[in-house]
Amino acid sequence: MHVVVMGAGIVGLATAWQLNRAGFDVSVIDRMAPGAGASGGNGSQLSYSYVQPLADPSIWRQLPALLWSRASPLKLRPQLDPLQWRWALAFMAACNAATSRQTTHRLLELAEESRRAFDAMQADIDPDCDYSETGKLVLYGTTASLEGARRQLELQRTMGSVQRLVDADECVAIEPALAAYRAKISGAVHTPGECAADCLKLCTALAQALTARGVKFMLGTELVGFDVRDGRVAALRTRSGELEADAFVMALGTASHRFGAALGAYLPVYPLKGYSITVEVDPAPGAAPTVNVTDSPRKVVFARIGSRLRVAGMAELVGHDARIPAARIDTLVAATREVFPEAGRFDDVHPWTGMRPATPTGHPIIGRVARAPANMLFNTGHGALGFTLAFGSAAWVTRALQDSVR
Ligand SMILES: Cc1cc2nc3c(=O)[nH]c(=O)nc-3n(C[C@H](O)[C@H](O)[C@H](O)COP(=O)(O)OP(=O)(O)OC[C@H]3O[C@@H](n4cnc5c(N)ncnc54)[C@H](O)[C@@H]3O)c2cc1C
């Protein structure tokens with residue numbers, strides 16, 4: 001059975017890997033190179049235990065500061081786009097304790113499967129992707145925010161997460177590069193099993209390994225529409241011609257809403273823009289971190305990938321605007337200088353922006369969708385956790401496809 005995966009981001013490539021292993025004849029199309037969308041410069045964190053969705057009741061309290069402070073990591077620029085308004089209203093509706101708890105529970109299950117599937121992929125293709133398993137510290141600056149973290153930790157403990165609260169001294173013992181920042185730390189959540197890797201390197205390695213196994217990659221091929229006959233997608237229409245297959249998986253990131261709509265399906269996927277910088281680190285012990293760190297007051301994440309430090313943050317609802325304002329990069333540089341002043345040279349950082357394909361609740365859309373043709377499956381809307389969840393959601397969509405042909 002021939003399956004075409006649309007999108008060669010981490011989600012599409014993980015899907016192609018799972019489908020190939022399951023014995024399907026797989027092709028992948030993308031208008032760009034593997035990992036050239038949201039996956040390329042992301043925060044690099046495989047955050048299996050730290051999946052709390054952005055849609056959280058605390059957002060209501062933080063909203064004025066988040067929206068109107070110039071330094072706020074969250075930004076809303078209203079667009080003449082009904083999807084933005086519909087998405088924002090659904091997001092605010094999801095900012096309640098019950099929905100956040102339910103989403104956390106579902107994401108933890110998916111993350112657990114993703115960890116197992118990522119390990120299986122590593123054993124299978126042994127990619128060169130600067131993988132590390134050094135754990136994660138999420139830092140809090142006030143006792144009130146630490147108390148909120150304690151409640152989330154207790155909730156996640158009942159769901160099987162292995163995490164604990166640590167004080168500032170323990171933070172520095174776990175990650176000596178935090179010594180200069182110690183006075184600003186009230187405490188942290190430590191999760192020893194968290195991992196990191198370079199998502200772009202992994203995308204490249206997956207494409208190479210899959211090509212060697214007979215998966216056909218059609219890069220530089222832009223999807224423009226569908227040929228639907230008798231309630232089934234017969235072929236994709238691309239700028240380079242038509243492409244027929246028995247089934248299709250849509251993993252188009254933030255383009256999924258538009259192409260879902262072309263098939264009559266509503267996919268609440270909206271771009272949540274973020275930024276990253278990559279810094280070559282000083283190799284001296286204790287200069288740059290080896291443990292993943294999230295500085296929660298600033299909502300900035302730090303991950304070590306080989307000889308580089310990836311620093312990522314911000315969440316902006318500004319449509320598909322791909323510009324990189326210097327002020328946003330300056331904010332990331334300033335955060336890195338403050339948290340890890342000895343980490344490396346800050347005069348030569350590599351700036352990047354990407355669009356998280358976000359759903360209002362934070363849970364991705366996996367499998368069949370109402371009103372879409374039966375042979376079109378979806379794997380999209382992974383928001384801030386696409387790298388973490390890609391291999392588990394790929395397993396889910398593969399099972400859905402196997403079930404549909406039984
Ligand atoms: C700043 C930032 C930091 C992040 N940090 C982390 C992190 O630390 N951990 C984590 O788990 N996640 C993180 N994420 C989220 C993660 O990067 C995304 O969820 C993930 O990359 C989404 O992957 P995807 O394959 O769905 O989308 P993409 O990588 O965007 O892939 C979609 C693909 O579809 C292709 N496409 C679109 N339209 C067409 C068309 N018409 N024709 C052909 N091809 C098309 C695009 O070219 C693209 O390659 C972060 C994201 C950002 C922006």
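Before I start, one term: two residues are in contact if their C-beta atoms, placed from the backbone, lie within 7 Å. What you see above is a predicted model.

I'll begin with helix 5, residues 143-158. Helix 5 has 16 residues and spans 23 Å from first C-alpha to last, close to the 22 Å expected at 1.5 Å a residue. Which of its residues are buried? They are L146, A149, Q152 and Q156. These cover an arc of only 120° around the axis, so they sit on the same side of helix 5. As a general point, an α-helix has 3.6 residues a turn, so residues three or four places apart point the same way. What covers the buried residues of helix 5 includes helix 4 (97-125), strand 5 (136-140) and strand 7 (187-191). On the other side, T143, A144, E147, R151, E154 and T158 are exposed. After helix 5 comes G160, with a positive phi near 100°.

Next, the core. The largest nonpolar core has 119 residues, and V3, M6 and F248 touch the most other members. Helix 10, residues 386-405, gives the most to this core: nine residues. Leaving out residues up to four places away in sequence, V3 touches L19, F24, V26, A245, D246, A247, F248, V249 and L401.

Last, a pair of helices. Helix 1 (residues 10-21) packs against helix 7 (residues 199-212) at about 35°, and their axes are 10 Å apart. Their crossing is left-handed. Helix 1 makes the contact through I10, L13, A16, W17 and N20, and helix 7 through C199, L202, C203, L206, A207 and L210.

Key. Residues are numbered from 1 along each chain as its sequence is written. This is a predicted model: local features need pLDDT of at least 70, side-chain atom pairs count only at pLDDT 80 or more; totals for chains, interfaces and linings use all residues. Helices (H or I, at least four residues) and strands (E, at least two) are DSSP runs, numbered from the N terminus. The expected span of a helix is 1.5 Å times one less than its number of residues. A residue is buried if 20 or more other C-beta atoms lie within 10 Å of its own, exposed if 12 or fewer, and partly exposed in between; C-beta atoms are placed from the backbone. The arc is that of the directions from the helix axis to the C-beta atoms. A nonpolar core is a set of buried Ala, Val, Leu, Ile, Met, Phe, Trp, Tyr and Cys residues joined through C-beta atoms within 7 Å. Axes are lines fitted to C-alpha atoms, for helices over the stretch in contact, and angles run from 0 to 180 degrees between N-to-C directions. A crossing is left-handed if the near helix is turned anticlockwise from the far one by less than a right angle, and right-handed if clockwise.
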